[in-house]
Amino acid sequence: QLIVETLSVQVNVTPPGTRLEAFVNYASGGQNISLFVPLTYAYTEPSTQFDFHVAMQEVRLYPDKGTPMTVSVHAPGGNGGTLFLTVSGQLA
């Protein structure tokens, strides 16, 4: 079983200035979990007019074996672009 100890998230959104929320989704103990991840604005890419937001967070998560972990965003009035999620931890 993987014990996740660190989450790293990067998301982009357009138009610039759009507020957004990010959630990491996974299953643990057979239950669907949606974990809110606070994001920090990083920069705006001038050529695409996308705002980039990032997060790195220490956690202790126990996803069920063989189930995916995904990131999703909610951006009222905007459009989310590419989403990146990186997890690290240890096998138990």
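In which strand is the place of T14? T14 lies in strand β1, in a model that is predicted.

## T14 and its surroundings

From its position in β1, T14 extends its side chain to the backbone oxygen of Q49, at 3.1 Å.

F50 belongs to the range of β5 (50-61), and N79 to that of β7 (residues 79-91).

## Pairing of β1

Strand β1 (2-14) pairs with β7 in the antiparallel sense, over 11 bridges. Within this pairing, I3 stands opposite Q90 of β7.

β1 also pairs with β5, again in the antiparallel sense, here over 9 bridges. In β5, H53 is the bridge partner of V11. In general terms, the strands of a sheet pair through backbone hydrogen bonds, in either a parallel or an antiparallel arrangement.

## The open sheet

Three strands, in the order β3-β2-β6, form an open sheet with antiparallel pairing. Its edge strands are β3 (31-37) and β6 (70-74), each of which pairs on one side only. On average, neighbouring strands of this sheet are turned by 30° against each other, direction ignored.

The pairing between β2 and β6 is antiparallel and comprises 5 bridges. One of the residue pairs is N25 with T70, the latter being the bridge partner in β6.

## The nonpolar core

The largest nonpolar core contains 16 residues, of which V4, L7, V9, V24, V37, L61 and M69 touch the most other members. At least two residues of this core are supplied by each of β1 (2-14), β2 (21-28) and β5 (50-61). The largest share, 5 residues, comes from β1.

What does L7 touch beyond four places away in sequence? The contacts of L7 are V24, L35, V37, A55, M56, Q57, V59, L61, M69, L85, T86 and V87. Among them, V24, V37, L61 and M69 are, like L7 itself, named with the core residues that touch the most other members.

## Summary

Key:
Residues numbered from 1 in each chain as written. Predicted model: local features only at pLDDT ≥ 70, side-chain atom pairs only at ≥ 80, totals over all residues. Heavy atoms only, no water. Core = buried A, V, L, I, M, F, W, Y, C linked by side-chain atoms within 4.5 Å. Buried < 20%, exposed > 50% of the residue type's maximum accessible area, 1.4 Å probe, protein only. Helix = DSSP H or I, 4+ residues; strand = E, 2+ residues; numbered from the N terminus. Contact = heavy atoms within 4.5 Å. Polar contact = N/O pair within 3.5 Å; in protein donor to acceptor, adjacent residues only side chain to side chain. Pairing = 2+ DSSP bridges. Axes fitted to C-alpha atoms, helices over the stretch in contact; angles between N-to-C directions.
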